[in-house]
Amino acid sequence: MGSVKEYFSSLGSGIASLVKGLAVTGREFVTPKITECYPENRKEHHPAERFRAELHFVYGDDGRHKCIACGSCERACPNGTITIETKMVTTPAGKPKKKLDKYFYDLGSCTFCQLCVTSCPTGAIAFDNDFEQAVFTRDKLVKLLNNRPEPPEPEPTPEELAAAEAERQRKIEEAKAKAAAAKAAKAAAEAAGTPKPAEAPKPAEAPKADEQAKE
Ligand code: SF4
Ligand code: SF4
């Protein structure tokens, strides 16, 4: 008797489970489809704005990027994905300045953690959501981000030129003052009778060739 009861009990729970499953299937059957038919829908498909697909430089309306070549992003990257090369240039005001030469980004080793973006003090880099990055060889994943022609440096204003000249004069005066102080200190030391360092003995001269001949 007990086995018949168990039989109908398990049959009932099986039917309940079946109905539950069919309810889920039926609900999904009438739910609007969210599966993307890629690549057929390439034109209409827009991934979320915050989707991180590839790092790029942010350029201003004047065609300039904001990178100051500080290297903060390169140091923050845990994978060595970023390589920065710098160069020294002379500004129109005559000052030496470190500038970005090449900014390489290896998409193949990027984990999209965004540490580089958050560590950048000038907002020079950002991620875009262009997800179509398939290439045939890995070396094509290494990208030069500062790939636009660089506009020439703006001419310095008269105020900047005057400031640069004042700075130059200040440095000259500073160097002169240092040299004078060193000279005065040396003179004072000599006046106080500081013994001179002992002169090294001269090496014995070798006998000349003609003297040797006479002998
Ligand atoms: S997102 Fe992360 S892994 Fe990718 S370049 Fe930036 S710091 Fe490196
Ligand atoms: S992108 Fe930003 S953090 Fe990286 S070197 Fe340029 S300014 Fe510095």
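**Ligand shells**

I sorted the shell around ligand 2 by class and got 9 nonpolar, 4 polar and no charged residues. (Ala, Val, Leu, Ile, Met, Phe, Trp, Tyr, Cys and Pro count as nonpolar, Asp, Glu, Lys and Arg as charged, and the others, Gly among them, as polar.) Cys67, Cys70, Ser72, Cys73 and Cys120 come nearest of the 13 residues around ligand 2; a residue is near if its C-beta atom, placed from the backbone, lies within 6 Å.

Around ligand 1 I found 13 residues, with Cys77, Thr81, Cys110, Cys113 and Cys116 nearest.

**Numbering and model**

Residues are numbered from 1 along each chain as its sequence is written, and chains are lettered from A and ligands numbered from 1 in the order in which they are written. The model is predicted: local features need pLDDT of at least 70, side-chain atom pairs count only at pLDDT 80 or more, and totals for chains, interfaces and linings use all residues.

**Strands**

I took strands as DSSP runs (E, at least two residues), numbered from the N terminus, and called two paired if DSSP finds at least two bridges between them. β2 (residues 82–90) and β3 (residues 96–106) are antiparallel, with 9 bridges. Isoleucine 82 has tyrosine 105 in β3 as its bridge partner. I noted 5 residues between the two strands of this hairpin, and a positive phi of about 90° at glycine 94 in the turn.

**Contacts of Cys116**

I listed the contacts of cysteine 116 (C-beta atoms, placed from the backbone, within 7 Å). Leaving aside neighbours within four places in sequence, they are Leu55, Cys73, Ala76, Cys77, Ile82 and Ile125.

Technical notes: Helices (H or I, at least four residues) and strands (E, at least two) are DSSP runs, numbered from the N terminus. Two residues are in contact if their C-beta atoms, placed from the backbone, lie within 7 Å.
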